[in-house]
Amino acid sequence: MTITPIKTSLRTSGMNNNRKEISLTPECQIKSHVSLAAYTSYRVGGPAELYVAPRDMNSLQASVQYAVEEGLPVTILGAGSNLLISDRGISGLVIATRHLRHTHFDLQRGLVTVAAGEAIPALAWEAAKLGWSGLEWAVGIPGTMGGAVVMNAGAHGDCIADILVSAEVLLPNGSLKTLTSDELGYTYRTSKLQGSNLVVTQATFRLQPGVDPVKVTSVTQQHKKQRLTTQPYDKPSCGSVFRNPTPYAAGRLIEEAGLKGFQIGGAQVSPRHANFIINSGGARAGDIFNLIRHVQQQVQQHWSISLEPEVKMMGEFLPVC
Ligand SMILES: Cc1cc2nc3c(=O)[nH]c(=O)nc-3n(C[C@H](O)[C@H](O)[C@H](O)COP(=O)(O)OP(=O)(O)OC[C@H]3O[C@@H](n4cnc5c(N)ncnc54)[C@H](O)[C@@H]3O)c2cc1C
């Protein structure tokens, strides 16, 4: 299926010396120099050179088309819950997907189709309320469904790859393609979508309808409670910073290297869960970046194990002094 290309009518209105606004469609404006800190769970990061948050497919397609025509690099932003954005910001066009919203439960086939911008916890609660089992594990993951599909998000032994039937993606040429779970090449917290130039627009998951809603809700609540008691949800973070290097748990390696509570600037290895680096107040992205590198060095020295970040770092970071 191809999205009907719409004529991009560019209207530039000066806001101040450095700012401009470009209307792609009546409902969709590209803005310049938009701070991204408010759009990430770490609450840090510099501005997007250009930023747009489309509310429908035509606007999304027009945004991608604009970037292609202007030769701009494109960065996709979901809920920003797995991102560390540089203090210097991001050049090119940042496209935020969080306003792309719709959910359809197909009772006959046990399938739910969700737009990329839908929030994972909201979907998990909605499924529970309807008595659809299969998403209880996801309730504590504060991202969008698009981000979850790209990251192969998972918790409590389950992950997106276990339930995904297919994902619809937008190609740079404006056409849409449906990819199966096999085509996405899922492994632990990884998919072929990472580092690609494809935008996930929606995804279809197989769940189990017809289960007692009280039971599904109760399991969902237990998962939420367990996370709230073991992880530092009260401070800005990106969740687990490092992938677990099989067969070890990254948090345990960091804790036993004596790093719990270790701090650089406003960035701290969480005293509650060592695989979380939190913004304990006033952190800059550079502090978090330097702490990530420090933890990697210390774990390498202590355990001869190289920790690989799960968090996606975007923009330019200066090397640690
Ligand atoms: C408190 C906390 C707890 C967490 N717990 C977990 C957990 O238990 N398990 C887990 O797996 N993760 C966890 N995370 C990390 C994070 O929530 C997940 O990785 C989530 O799937 C990211 O979704 P997002 O929408 O925030 O994506 P973002 O962080 O915005 O983006 C992540 C990556 O996906 C890309 N992307 C996002 N949307 C799209 C799209 N529509 N099309 C193409 N590319 C896209 C981005 O460019 C980026 O490369 C946690 C984070 C926090 C803050």
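This is a predicted model: local features need pLDDT of at least 70, side-chain atom pairs count only at pLDDT 80 or more; totals for chains, interfaces and linings use all residues.

User: Got it. Which strands form the open sheet of 5 strands, and in what order?

Analyst: The order is β8-β9-β14-β12-β13, with antiparallel pairing. Two strands count as paired if DSSP finds at least two bridges between them. The names come from DSSP runs numbered from the N terminus: helices are H or I with at least four residues, strands are E with at least two.

User: Which ones are the edge strands?

Analyst: β8 (103-106) and β13 (176-180), and each pairs on one side only. From one strand to the next, the twist averages 15 degrees. Angles here run from 0 to 180 degrees between N-to-C directions, with axes being lines fitted to C-alpha atoms, for helices over the stretch in contact.

User: How many bridges join β9 to β14?

Analyst: There are 5, and strand β9 (residues 111-115) runs antiparallel to β14.

User: What holds paired strands together in general?

Analyst: Strands of a sheet pair through backbone hydrogen bonds, either parallel or antiparallel.

User: And which helix lies across β12 and β14?

Analyst: That's α1 (residues 57-70), which runs at about 135 degrees to β14.

User: Let's switch to the sheet of 3 strands. What's its order?

Analyst: β15-β16-β17, an open sheet with antiparallel pairing. Its edge strands are β15 (263-264) and β17 (277-279), each pairing on one side only. Helix α7 (residues 285-303) packs on this sheet and touches β15, β16 and β17, and its direction makes about 30 degrees with that of β16. Between β15 and β16 (residues 267-269) there are 2 bridges, and I264 has A267 in β16 as its bridge partner.

User: Where does the largest nonpolar core come in?

Analyst: It has 93 residues, and those with the most contacts inside it include L84, I254, I277 and I288. Helix α7 gives the most to this core, with 7 residues. A nonpolar core is a set of buried Ala, Val, Leu, Ile, Met, Phe, Trp, Tyr and Cys residues joined through C-beta atoms within 7 Å. Buried means 20 or more other C-beta atoms within 10 Å of the residue's own, exposed means 12 or fewer, and partly exposed is in between, with C-beta atoms placed from the backbone.

User: What is I277 in contact with?

Analyst: Leaving aside neighbours within four places in sequence, its contacts include S237, V241, A267, I288, L291 and I292. Contact means the C-beta atoms, placed from the backbone, lie within 7 Å.

User: New topic: which residues come nearest to the ligand?

Analyst: Of the 33 residues around the ligand, G78, G143, G146, G147 and G239 come nearest. A residue is near if its C-beta atom, placed from the backbone, lies within 6 Å. α3 gives the most to this shell, with 5 residues.

User: How many of the shell residues are nonpolar, polar or charged?

Analyst: 17 are nonpolar, 14 polar and 2 charged. Ala, Val, Leu, Ile, Met, Phe, Trp, Tyr, Cys and Pro count as nonpolar, Asp, Glu, Lys and Arg as charged, and the others, Gly among them, as polar.

User: Is E136 buried or exposed?

Analyst: E136 counts as buried because it has 24 C-beta neighbours inside 10 Å. You'll find E136 in the loop between α2 (120-130) and α3.

User: Which residues have a positive phi without being glycine?

Analyst: H33 is one, with a phi of about 50 degrees, and N152 is another, with phi near 50 degrees. H33 sits in strand β3, whereas N152 is in the loop between α3 and β10. With 16 C-beta neighbours inside 10 Å, H33 counts as partly exposed, while N152 is buried, with 22 other C-beta atoms within 10 Å.

User: Last one: where is the cis peptide bond?

Analyst: It joins T246 and P247, with omega about 5 degrees. P247 lies in the loop between α5 (213-230) and α6 (250-256).

How values were computed: Residues are numbered from 1 along each chain as its sequence is written. Two residues are in contact if their C-beta atoms, placed from the backbone, lie within 7 Å.
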